Amino acid sequence: MIKEFDFTPYFHSPEILAAKVLEVYFDNEKPSYPIDPFKMLVFFGVIYQFRDFKDIEGIYLVPQDSDDISIVGINLKRPIPRQRFTAAHELCHHIKDRTLNSICSFGNQSDPIEKFADKFASALLMPKYELKRIVSKYEADGYVKFDDIIFISDYFGVSFESCVFTIAYSLNKISGDTESRKLRSRMRKFQPNLKRQAMGLAIYDFNLIRNIIDSYTYFFENESPLVWYNFKRDFIYNENKMEGINIDQEDIADILTDLRIHKQDSEFCKSDYKDIIEVVGHASIYEYLIEVEQQDVSAYTMMDFHRMLYQFAPHPEEAGKTRIVNNLVLGSKFESSDWHDIPAQIVEVDLLIRELFSRKEDLSVSDYVNEVVKIHHKMTVIHPFPDGNGRISRAMLNCLFKLKKLPPVYIKLNDKEAYYDALKKSDLEGNYSGLQEVFYKELFRSIIQLNSKFVI
Ligand SMILES: [Zn+2]
């Protein structure tokens with residue numbers, strides 16, 4: 001794309017260059033906000049990857065030859081608004097400084113190339129004409145208040161701090177002392193994150209992580225066997241730990257290694273310990289998930305998963321059957337379906353899955369994830385089996401993820417409470433956004449873990 005448009009006449013001003021880049025990207029249509037700099041990187045022919053950098057915001061690597069592709073790396077640990085700013089900054093390098101590899105450290109304002117890229121990023125995400133228009137909505141007596149800047153920064157998907165600075169210095173719409181050190185100290189006292197909490201807002205807008213999921217390039221086949229092996233160990237460890245199965249990571253590694261060598265003849269398949277038997281069963285679910293194809297999947301796949309989970313248990317013939325009693329667990333967070341209704345509700349899940357398959361290719365990744373999350377939630381409510389429901393309903397979720405070429409996800413032990421709270425919120429309020437956010441984050445984490453060695 002970039003080869004078709006010559007931006008060189010606009011290299012004298014970061015603001016003018018940013019305006020021109022937006023014009024080309026939106027094809028002369030009105031931009032929609034927040035601007036998605038990740039999608040723009042992809043549009044202009046760049047692959048971006050999040051990485052665990054120590055003290056840099058991002059890097060830009062120029063293509064080595066005409067067949068090669070430009071690569072941008074973004075610091076994984078920074079807040080999302082900062083990552084968006086870095087993506088926009090690296091886009092500037094791609095457009096303007098294409099012959100130079102750039103390593104962009106925190107707050108490097110002495111280098112004119114870096115300074116230009118920062119100004120470009122700010123103007124790309126917060127174009128002055130749009131900022132003026134939004135600020136005028138909140139303006140009173142010629143000024144805008146910090147409280148309102150919370151909403152303005154969300155509109156543009158930028159940090160509160162950079163929004164305040166831009167409004168103060170490019171529009172002169174902040175009252176009082178705006179000398180930069182004073183302004184910083186005023187912002188610290190204001191405590192924007194606490195204010196957000198008090199207003200019932202998340203630390204950042206949910207849509208920002210949604211943007212990342214939608215434009216991120218994930219390479220399913222590209223990683224080394226060791227990376228997949230480590231992922232599998234973490235997956236099985238966390239999934240089982242979630243259900244209170246008492247087994248540590250080293251034991252899991254021993255079990256997986258023995259299974260790989262001896263398969264069904266592994267001594268662990270004959271274990272007397274319920275916990276070990278379930279871990280072995282769960283490992284076979286994982287193997288299935290990695291290979292599954294759409295024609296093999298329906299709501300009844302959950303029965304197969306249940307049989308796999310308990311295949312080495314003392315009475316494997318009982319596995320795969322739905323429960324014939326009601327769960328009356330005192331103090332339980334969830335209320336599950338009456339057992340008489342289970343078969344009809346599984347038919348409903350099957351219809352949802354078929355409907356999802358019919359739209360699969362047309363849905364964005366985040367829209368697809370949203371639908372899968374609803375199906376997952378419905379399964380947790382049906383609670384079809386006497387035991388193993390958590391692992392089975394997450395296995396179904398992963399199975400549906402795989403069919404959209406997404407990696408498996410698991411809930412990390414530390415995130416267990418957030419996951420249960422989000423499930424409960426879906427139950428009580430029919431509000432799935434918390435649960436969707438949990439899985440956006442897990443998906444993002446899996447992608448990073450599984451593509452850890454790729455390209456950069
Ligand atoms: Zn830079």
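## Helix 1 and its buried face

In this predicted model, Pro 14, Leu 17, Ala 18 and Val 21 of helix 1 are buried, a residue being buried if 20 or more other C-beta atoms, placed from the backbone, lie within 10 Å of its own. Seen down the axis of helix 1, these buried residues fall within an arc of 100°, so they line one face of the helix; the arc is that of the directions from the helix axis to the C-beta atoms. Their cover includes helix 3 (80-96) and helix 4 (112-125). Helices (H or I, at least four residues) and strands (E, at least two) are DSSP runs, numbered from the N terminus.

After helix 1 comes Asp 27, whose phi is positive, near 55°.

Four strands form an open sheet of mixed pairing, in the order 1-3-2-4, where two strands pair if DSSP finds at least two bridges between them. Strand 1 (46-51) and strand 4 (102-105) stand at the edges with a single partner strand each, so one side of each is left without a neighbour in the sheet.

Strand 2 (residues 56-61) and strand 3 (residues 70-75) run antiparallel and are joined by four bridges; Leu 61 has Ile 71 in strand 3 as its bridge partner.

## Contacts of Val 369

Leaving aside neighbours within four places in sequence, Val 369 is in contact with Ile 213, Gln 436, Phe 439, Tyr 440 and Leu 443, contact requiring C-beta atoms, placed from the backbone, within 7 Å.

## Basis of the model

Residues are numbered from 1 along each chain as its sequence is written. Because this is a predicted model, local features need pLDDT of at least 70 and side-chain atom pairs count only at pLDDT 80 or more, while totals for chains, interfaces and linings use all residues.

Methods: Two residues are in contact if their C-beta atoms, placed from the backbone, lie within 7 Å. A residue is buried if 20 or more other C-beta atoms lie within 10 Å of its own, exposed if 12 or fewer, and partly exposed in between; C-beta atoms are placed from the backbone.
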